[in-house]
Amino acid sequence: MTAILAQPNRSTVEGMRDHALFSFLYNSGARIQEALDLCPQAIRFESPNCVRLTGKGRKERICPLWPETVMLLKKLLERQPRAPDQRLFVNRYGEPPSASGVRFKLAAYVKAAAETMPTLRAKHVTPHAFRHATAVHLISAGVDVTVIRSWLGHVSLDTTNHYARANLETKRKALEKVAVPATPGGQPSWKRDASVLAWLDTL
């Protein structure tokens, strides 16, 4: 994500907006439409920094924000002032970009980032990827699933548990790469070690 976030040209209003938008998505785990609907009045610029998001079914939730993210939003508002109840992320005409427009811009940034990080060429990165990254990082940090559910605005725990399984699978694959198979074509040794499997399931 860092390579992608480095692509927007922040000397321009458009680049500043894109960088702030993607940073906000990465920080908050917001859905793209939730971010595009964001107004300044929903942001707490004082400490502790947080944002009030309105999700599916008009349900509201509060998400914490890093001071760095808040600073990006402040700078964007200084460059492109908005009323408290106006959309924060807008184009040159003062209208919010469409979700498809954001996906198009993101694809261009991913393509540019792939020049220095070739592994990105094989990845399909969408705005939802930032939300997924937020979920995985929270799980990696040991945050309780019910807290993550509230953070992301998930209706059921099943959706959040999907991210937990994905994160565990990533750990398993990483461990498999460094494991030495006992016999050619056989299972990696860790797959036959109950203690290792039990340890992985606690992560």
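Reader: Which residues in helix 7 do R131, T134, A135, L138 and I139 in helix 6 meet?
Author: The model is predicted, so local features need pLDDT of at least 70 and side-chain atom pairs pLDDT 80 or more, while totals for chains, interfaces and linings use all residues. Residues are numbered from 1 along each chain as its sequence is written, and side-chain values use heavy atoms, without hydrogens and water. A helix is a DSSP run of H or I of at least four residues, numbered from the N terminus, and contact means heavy atoms within 4.5 Å. On the side of helix 7, the residues that meet those five are I148, W151 and L152.

Reader: Is the crossing of helix 6 and helix 7 left-handed or right-handed?
Author: A crossing is left-handed if the near helix is turned anticlockwise from the far one by less than a right angle, and right-handed if clockwise. The crossing of helix 6 and helix 7 is right-handed.

Reader: How many residues of the contact of helix 6 with helix 7 are nonpolar?
Author: Ala, Val, Leu, Ile, Met, Phe, Trp, Tyr, Cys and Pro count as nonpolar, Asp, Glu, Lys and Arg as charged, and the others, Gly among them, as polar. In this contact one residue is polar and one is charged, and the nonpolar residues number six.

Reader: At what angle do helix 2 and helix 4 pack?
Author: Helix 2 spans residues 13-28, helix 4 spans residues 67-79, and their axes are 9 Å apart. Helix 2 is roughly antiparallel to helix 4, because the two pack at about 150 degrees.

Reader: Which residues of helix 4 make the contact with helix 2?
Author: Helix 2 passes helix 4 in a left-handed crossing. From helix 2 come V13, M16, R17, H19, A20, S23, F24 and N27. Seven residues of the contact are nonpolar, four polar and three charged. The partners in helix 4 are T69, L72, L73, K75, L76 and R79.

Reader: How many charged residues has the contact of helix 2 with helix 5?
Author: The axes of helix 2 and helix 5 are 12 Å apart at about 95 degrees, which means that helix 2 is roughly perpendicular to helix 5. E14, R17, D18, L21 and F22 in helix 2 meet V102, K105, L106 and Y109 in helix 5. Five of these residues are nonpolar and no residue is polar, while the charged residues number four.

Reader: Which residues does a cis peptide bond join?
Author: Most peptide bonds are trans. P48 lies in the loop between strand 1 (43-44) and strand 2 (50-54), where a strand is a DSSP run of E of at least two residues. With omega at about 0 degrees, the cis bond joins S47 and P48.

Key
Axes are lines fitted to C-alpha atoms, for helices over the stretch in contact, and angles run from 0 to 180 degrees between N-to-C directions. Angles under 35 degrees count as roughly parallel, over 145 as roughly antiparallel, 65 to 115 as roughly perpendicular and the rest as oblique.
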